[in-house]
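Subject: Structure for you to look at

Hello,

I am handing over the structure below, with notes on what was found in it. Please keep it open while you read.

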Amino acid sequence: MRNVLRLSLVAAFALLLQSCSVGTDESTAGETRTIGVSLLTMQHQFYQDLRAGLESKAAELGYELVVTSAEFDPARQADQVDNFIVQSVDAIVLSPCDSRSVGTAILAANESNIPVITADIASLSTIGKVQTHIASDNVAGGRLAAELIIEAIGPRGKIVILSHPEVTSVSDRVKGFRERLSREPDITILAELSAEGMRDKAAKVMEDLLQAHPDLNGVFAINDDSALGALAAIEAAGRLDNVSIVGYDGTMEAREKIRSGAIYGDVIQHPKQIGALTIDAVHKVLTGVNVPEVMPVEVGTITADSLNAIIGAP
Amino acid sequence: MKKQTAFLVRRLLAARMPVILVALIISVTLMTDGQFVQFANIVNVLRQVSFEATIAFGMTAIIITGGIDLSVGSLVALTGVAAALVMRATGDFSPGLAIALGGLTAVVLGGGVGAMSGVVVAWCAIPPFIVTLAAMLIARGAALLLCNGQPVDGLPEQVLFLGRGFVFEDVIGKSLPFPVLIMLIVYALFAFTLNRTVFGRDVVAVGSNEEAARLSGISVRRAKLLVYVLTGAVCGLVGLLHDGKLNVGDPKVAEMWELNVIAAVVVGGTSLFGGRGTMTGTLIGALIIGVLNNALNLMHVEHFWQKVVLGAVILTAALADAGLRTLERKTE
């Protein structure tokens, strides 16, 4: 009985509130257009840079951004998209947590006529329509990473890959990397293990790999957090002279390590450019300009030599 | 007169959880210029809490016995993947049958894993924290193994209804999402079981004083086993609904759900020491957390700050509840 009382109390208040709020509904429709953003994570430097690119371009073009992060949880991302739909945003930018699971969220946005644009990670779902996808050419990036490894360890040696196979952009990198190395008969890939792109996980995985393979020559880490985690483990084992690291992204911290020679080199993406181009694409879609299905962003490489050439010798 | 005031105060204190919820709703409504109480948003919040709340009812029963279950999130992932595999294999035949078989698989598998945890907890005197921690890891690993880490897609499209559909859409429009209906049914079943059945009273007795329960002839082991089986089965149900939400069976979903679920139970006034708790409290606890999560998004609170605010509010709710309970005891 008491429970019934409590619940009816709640219901009464909720109804009261709803009747009070009718007048305010229209006031939320503002003049500035809003873009809802749901990122894979905000813990990686890459996404912080991507976000900075989104924000500066949005400010330039006069859009309001609502940035959320799903932190690897596809269900949370779906909830965030539902929230955007309720907020009636004008467009949604997604970096899907999972390329397949993201379909229902995109479909829900489609049904409310809100255009969806993906950045960095593509949707592979059979349902839901994405206006355009903006990302680095990751297969090409993987090939460049293989070039760097060959440069670092020479034509023969044993290497490992610190991967994150659930993410499409990462599997593309590994695909390009393996593709290039398949032409090097004397370089063996001993293992491909997932560090989930996280530094602490990478350090643990690397410790185990170092134990298992005393003759290891090189590591390809699919992002800089993994590379820096691997570096910590390799330094602790005192094997930095024998094991070369190639990372991916070129974050500030990784650049320092490259300049000092601890990391051999990085494939660099241009996350700020991805962010800026994404907002550009949103603007085009909202103003009725046609956009291509995919908009690739160039990748490049950095090594101690190239960094010092730009900035001048330390 | 004085007696009447005391009675009134007691009544108000007894209704403290709804009062906290209502206060929260009023404040977020004001802070979001009424955006929060838009009908579509309320439906949204209900749908968002429905998955974890459904599990929270099972968790409440476990916590009342003095136990804990850390495996619920992994179980949602495992049963979701298993159901998806079954539905994909049988989908061409008949979508209805596929969903029925998928659901059956999920519930039986969930209940089965729950039973294993329950047996170890009840018969081997190992702390439930450790047992279910192990179950959490095993279930998560099994989920990833079953599908090789890749989400299982290609489900019959009718599955979407389970996660995103609305009940009686012709009559009441888009106001009652299917998962919310399931949440309400599970709530009613668990509330009835806890309050009106012998088994329910056994659960409370075991949690209040295990020795006394044993001495009065209650089968302590049976009560402990059953709460884990029930919770596992409910996780299976939610695993099936989750397949409908994402249209795939994803082995990575429901990460950290155990903590959200436990938070909802504790915010709802159930004692982690066992012996005391209500299903209604848990429902309200889940709503408090859901309302907060939603409001922080509506208010565009910076992502990193959201965690801080959420933690602070959970702590405040727990402190307020503890303080009011002391007050309640004094008025008695």
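To begin in one of the sheets, A:V93 stands opposite A:I117 in β4(A). Three bridges join β3 (residues 91-94) to β4 (residues 116-119) in chain A, and the two strands run parallel. Strands here are DSSP runs of E with at least two residues, helices are runs of H or I with at least four, and both are numbered from the N terminus. Two strands pair if DSSP finds at least two bridges between them.

Before going further: this is a predicted model, in which local features need pLDDT of at least 70 and side-chain atom pairs count only at pLDDT 80 or more, while totals for chains, interfaces and linings use all residues. Residues are numbered from 1 along each chain as its sequence is written, and chains are lettered from A and ligands numbered from 1 in the order in which they are written.

The open sheet in chain A has six strands in the order β2-β1-β3-β4-β5-β11, with parallel pairing. Its edge strands, β2 (63-69) and β11 (294-297), each pair on one side only. Neighbouring strands are turned by 20 degrees against each other on average, direction ignored. Helix α2 (residues 45-61) of chain A lies across β1 (33-39), β2 and β4, and runs at about 160 degrees to β2(A). Axes are lines fitted to C-alpha atoms, for helices over the stretch in contact, and angles run from 0 to 180 degrees between N-to-C directions.

Elsewhere in chain A, β10 (residues 265-268) is covered on both faces: A:G265 and A:V267 are buried on one side, A:D266 and A:I268 on the other. Buried means that 20 or more other C-beta atoms, placed from the backbone, lie within 10 Å of the residue's own; exposed means 12 or fewer, and partly exposed is in between. Strand β9 (residues 244-249) is joined to β10(A) by four bridges and runs parallel to it, with A:V246 opposite A:G265. From β9(A) the chain crosses through helix α9 (residues 252-259) to β10(A), a right-handed β-α-β crossover; right-handed means that, with the strands pointing away from the viewer, the path from the first strand over the helix to the second runs clockwise. On β12 (residues 300-303), the pairing with β10(A) is antiparallel, over four bridges, and A:D266 stands opposite A:I302.

Chain A is divided into domain 1 (31-136 + 271-296) and domain 2 (138-269 + 302-311), with bounds from an automatic or database domain assignment. Their centres, taken over C-alpha atoms, are separated by 29 Å. Twelve residues from domain 1 of chain A and 13 residues from domain 2 of chain A make the contact, where contact means C-beta atoms, placed from the backbone, within 7 Å.

In chain B, helix α13 (residues 257-267) is mostly covered, with ten of its eleven residues buried. Just after α13(B), B:G269 takes a positive phi of about 95 degrees. B:T32 is found in the loop between α2 (16-31) and α3 (39-64) of chain B. B:T32 counts as buried because it has 22 C-beta neighbours inside 10 Å. Not counting residues up to four places away in sequence, B:T32 touches B:A295, B:L298 and B:M299.

Regards

Definitions and conventions. Contact = placed C-beta atoms within 7 Å.
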